[in-house]
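I opened this notebook to record what I looked up in a structure that was new to me. The entries follow the order in which I consulted it.

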Amino acid sequence: MTKAEFISGLREALTGNLPLRAVEEQIIYYNQYITEEAEKGKREEEVIQALGDPWVLAQTIIEAEGGGAYQTVYDTDGEPIREEQTRRRNTERHGNKAYDNSEYGNVHLFRLDKWWKKLLLILAVVMVILLVIAVITGLVQLLMPLIIPVIVILLVVRIIESRRN
């Protein structure tokens with residue numbers, strides 16, 4: 001694969017998944033990286049091979065940038081299938097939730113990026129703690145009528161044994 005083919009594939013994979021400015025920044029970075037490595041004495045093909053498939057690299061960049069939903073599907077030879085990779089067309093975005101109803105399963109993302117979501121999480125944790133305390137208290141109340149007579153019997157037995165000695 002040539003440098004032009006790699007850069008073209010990377011641009012195609014990133015376009016539509018990241019803002020155009022971010023796409024251009026990535027293209028400039030990898031273009032310069034390949035040029036600099038070639039100037040250091042490495043062959044261009046070696047550098048491109050070390051970078052890997054531009055579609056897989058694009059997926060990594062998109063995930064790191066927090067961009068669109070991307071899925072890599074491999075054929076039986078372990079090669080990426082580009083048509084499956086381009087975009088999950090069945091993804092619907094609603095605020096901070098993402099739903100993917102494709103053949104690969106359902107994905108639901110819930111981010112704690114708003115103050116009210118954090119508050120809900122804290123309230124849920126407090127509710128779970130209170131529920132555990134209520135269950136323990138209920139068990140103690142249930143067993144108390146049995147525990148008190150057992151304790152009284154044990155005390156009486158100890159008193160009787162201590163008088164015999």
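The entries below go from the overall layout to confidence and then to helix packing.

**Entry 1: layout.** I noted at the outset that this is a predicted model. I looked up the secondary structure of the protein chain and found 6 helices and 3 strands. Read from the N terminus, the order of the elements is α-α-α-α-α-β-β-β-α. I then checked burial: 22% of the 165 residues of the protein chain count as buried. For contacts between residues at least 6 apart in sequence, I recorded that 46% join residues at least 24 apart.

**Entry 2: confidence.** I looked up the pLDDT of the protein chain, which averages 79, with 73% of the residues at 70 or above. Where is confidence lowest, and where is it highest? The lowest mean, 39, belongs to strand β1 (residues 91–94), and the highest, 93, to helix α6 (residues 115–164). I marked residues 69–75 as a stretch with pLDDT below 50; it has 31 contacts in the model beyond near neighbours in sequence. I also marked residues 81–105, where pLDDT stays under 50 and the model has 62 contacts beyond four places in sequence.

**Entry 3: α1 against α2.** I turned to helix α1 (residues 3–14) and helix α2 (residues 20–39), whose axes come within 10 Å and cross at roughly 160°. Because of that angle, α1 is roughly antiparallel to α2. The crossing of α1 past α2 is right-handed. On the α1 side I listed K3, F6, I7, L10, R11 and L14 as making the contact. On the α2 side I listed V23, E24, Q26, I27, Y30, N31, I34 and T35. Sorted by class, this contact has 8 nonpolar, 3 polar and 3 charged residues.

**Entry 4: α1 against α4.** How far apart are the axes of α1 and helix α4 (residues 54–65), and at what angle do the helices pack? I found the axes 8 Å apart and the angle about 40°. The angle therefore makes α1 oblique to α4. Here too I noted a right-handed crossing, with α1 passing α4. From α1, the residues F6, G9, L10, E12, A13 and L14 take part. They meet P54, W55, L57, A58, I61 and I62 of α4. By class I recorded 10 nonpolar, 1 polar and 1 charged residues for this contact.

Conventions: Residues are numbered from 1 along each chain as its sequence is written. This is a predicted model: local features need pLDDT of at least 70, side-chain atom pairs count only at pLDDT 80 or more; totals for chains, interfaces and linings use all residues. Side-chain values use heavy atoms; hydrogens and water are left out. Axes are lines fitted to C-alpha atoms, for helices over the stretch in contact, and angles run from 0 to 180 degrees between N-to-C directions. Helices (H or I, at least four residues) and strands (E, at least two) are DSSP runs, numbered from the N terminus. Angles under 35 degrees count as roughly parallel, over 145 as roughly antiparallel, 65 to 115 as roughly perpendicular and the rest as oblique. A crossing is left-handed if the near helix is turned anticlockwise from the far one by less than a right angle, and right-handed if clockwise. Contact means heavy atoms within 4.5 Å. Ala, Val, Leu, Ile, Met, Phe, Trp, Tyr, Cys and Pro count as nonpolar, Asp, Glu, Lys and Arg as charged, and the others, Gly among them, as polar. pLDDT is the predictor's confidence in each residue, from 0 to 100. Buried means under 20% relative accessible area, exposed over 50%, partly exposed in between (1.4 Å probe, protein chains only).
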